[in-house]
Amino acid sequence: MSCVTLRPFTREEYHDFFRRYEPDPLMDPNPYRYQFTNVDKSFDFNESRKEWYPTFGIFANGEAVGTLSLKRIDREKKKCEIGLMMVNDDCKNKGYGTAAMRKGISMATQQYGVMHIWADTMGRNLRMQHVLEKLGFRLVERIRQVYDMPAGKDDRLVYVLEAEK
């Protein structure tokens, strides 16, 4: 596995990422079509909220392979959520997501003072469950049949990581 880095996207990199983006059919069965205006608005929206909801590009070998977000950072309560999305299936099972999550956890605790990191995933997303458990997250709640998917309802699994002081 190459060196994985997290850093903010440039506008051009963000567009390139979404030109190549293919949703995981397990998570989102709807087809995706790149639209310049929508991606541009999304970039601007991310920029407007970066103090409490920063989004970073996950880069491997100089190419954006995913995004990682530290969502709804609450400095007073020392908590946030963490989210991960890979550009397509070619970037999966290479350790990029796990490496990015490690770096995101470190960033959350060191730069933002977060002590409680929350994450959620779908019951069918065994890959993300494995990553979260490998990194020390513990399952705290299973909300039954939240997601309405073409193959039927799916559960929402909520995890938490309590950072060491």
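Colleague: How many bridges join β4 to β5, and do they run parallel or antiparallel?
Modeller: 3 bridges join β4 (residues 79-86) to β5 (residues 116-122), and the strands run parallel. Two strands pair if DSSP finds at least two bridges between them; strands (E, at least two residues) and helices (H or I, at least four) are DSSP runs numbered from the N terminus. This is a predicted model, where local features need pLDDT of at least 70, side-chain atom pairs count only at pLDDT 80 or more, and totals for chains, interfaces and linings use all residues. Residues are numbered from 1 along each chain as its sequence is written, and side-chain values use heavy atoms, with hydrogens and water left out.

Colleague: Which residue in β5 is the bridge partner of Glu81?
Modeller: Trp118.

Colleague: And what does β5 do with β7?
Modeller: 7 bridges join β5 to β7 (residues 152-162), running antiparallel. Thr121 has Leu157 in β7 as its bridge partner.

Colleague: Switching to helices: at what angle do the axes of α1 and α2 cross?
Modeller: Roughly 130 degrees, with the axes of α1 (residues 11-20) and α2 (residues 36-48) coming within 10 Å. Axes are lines fitted to C-alpha atoms, for helices over the stretch in contact, and angles run from 0 to 180 degrees between N-to-C directions. The two helices are therefore oblique to each other (under 35 degrees is roughly parallel, over 145 roughly antiparallel, 65 to 115 roughly perpendicular, the rest oblique).

Colleague: Which residues of α1 meet α2?
Modeller: Arg11, Tyr14, His15 and Phe18, where contact means heavy atoms within 4.5 Å. On the α2 side, the residues include Phe36, Val39 and Phe43.
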